[in-house]
Amino acid sequence: MKATTLSIILLTLLTFSVEAQKISEWRPENRTGVSAETGLMKSWPATGPTLLWSNLDLAKGYSSPSFGASTIYITGNTATNDAKDILFALNMDGKILWQTEMGRAWTGSNPESRATPTVESNRVYTCSGFGDLACIDATTGKMIWSYKASELNKGTFGAWGIAESLLVDGNKIYFSPGGPETMTIALNKATGDVLWKSPSLNDKPGYVSPILINFAGKKMIVNVSLGHVFWS
């Protein structure tokens, strides 16, 4: 009986551990845009899909949604001179649970928010159009930490600001401010402290989110600036 009980406990803990590591992010399934779901419909009914709900109260943005525990996360921004990008949390019926200002919005061309939130366990990682990073409690919407990554690393901008969905790997998150000081930085995902900076390519960041690959036995972060394909 003790052995059986112990096995159940270990299996339960393992299940929780696996679930805790699940990440919902931009273009799911390793950022390939290819879904592993099965049993999907090959075509819509003649009348189209059934509308379950709609929400007309969300702010404007180009963000795609990410999903947590029965919660949907998406971004938008305020149309003011002091514009802020906002993270919204909705329940599965489309009702807004909370909203949190996550950083300064881009106010140039195409100012709407553009980065998809990255959700891991009970934390949501976001990037504003002006390069402000934030870690937000997925249940309460409380800000855990924030970091003005582009400003503090002399980052530069193209015509459309920053459009990068943050990449999480292990205890790190990655962001590419570009500019004369560095191209990519790694931060401690728990605290927002900078762990390392790559050399500068003296180039502006592209409107691209990085991917993580394994090549020749090495883990690499691959991304694009306005003039380069680069890896770290």
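Biologist: Which residues line the largest cavity?
Modeller: Glu164, Tyr174, Phe175, Ser176, Thr184, Pro210, Ile221, Asn223 and Phe230 line the largest cavity. On a 1 Å grid over the protein atoms alone, a cavity is a set of points where a 1.4 Å probe fits but cannot get out, and lining residues have an atom within 4 Å of a point. This is a predicted model, where local features need pLDDT of at least 70, side-chain atom pairs count only at pLDDT 80 or more, and totals for chains, interfaces and linings use all residues. Residues are numbered from 1 along each chain as its sequence is written, and side-chain values use heavy atoms, with hydrogens and water left out.

Biologist: How much space lies in the largest cavity?
Modeller: About 40 Å³, the volume being the space filled by probe spheres set on grid points that are joined across faces, edges and corners. The structure holds one cavity of 30 Å³ or more.

Biologist: Which strands each supply at least two residues of that lining?
Modeller: Strand 11 (172-175) and strand 15 (218-224). Strands (E, at least two residues) and helices (H or I, at least four) are DSSP runs, numbered from the N terminus.

Biologist: How do the lining residues of the largest cavity divide?
Modeller: Into five nonpolar, three polar and one charged. Ala, Val, Leu, Ile, Met, Phe, Trp, Tyr, Cys and Pro count as nonpolar, Asp, Glu, Lys and Arg as charged, and the others, Gly among them, as polar.

Biologist: And the second largest pocket, how much space lies there?
Modeller: About 310 Å³. Of the 14 residues that line this pocket, Ile23, Glu25, Asn30, Leu167 and Val168 are the closest to its centre. A pocket is an open set of points with protein on both sides within 12 Å along at least five of seven lines.

Biologist: Which element gives the most to that lining?
Modeller: Helix 2, with four residues.

Biologist: Switching to the open sheet, in what order do its four strands come?
Modeller: The order is 2-3-4-5, with antiparallel pairing. The edge strands, strand 2 (66-67) and strand 5 (96-104), each pair on one side only. Two strands pair if DSSP finds at least two bridges between them.

Biologist: What stands opposite Ser66 in strand 3?
Modeller: Tyr73.

Biologist: Where does pLDDT stay under 50?
Modeller: Over residues 1-20, for which the model has two contacts (heavy atoms within 4.5 Å) beyond four places in sequence. pLDDT is the predictor's confidence in each residue, from 0 to 100. Where it is low, the predicted coordinates should not be read in detail. The protein chain averages 89, and 91% of the residues score at least 70.
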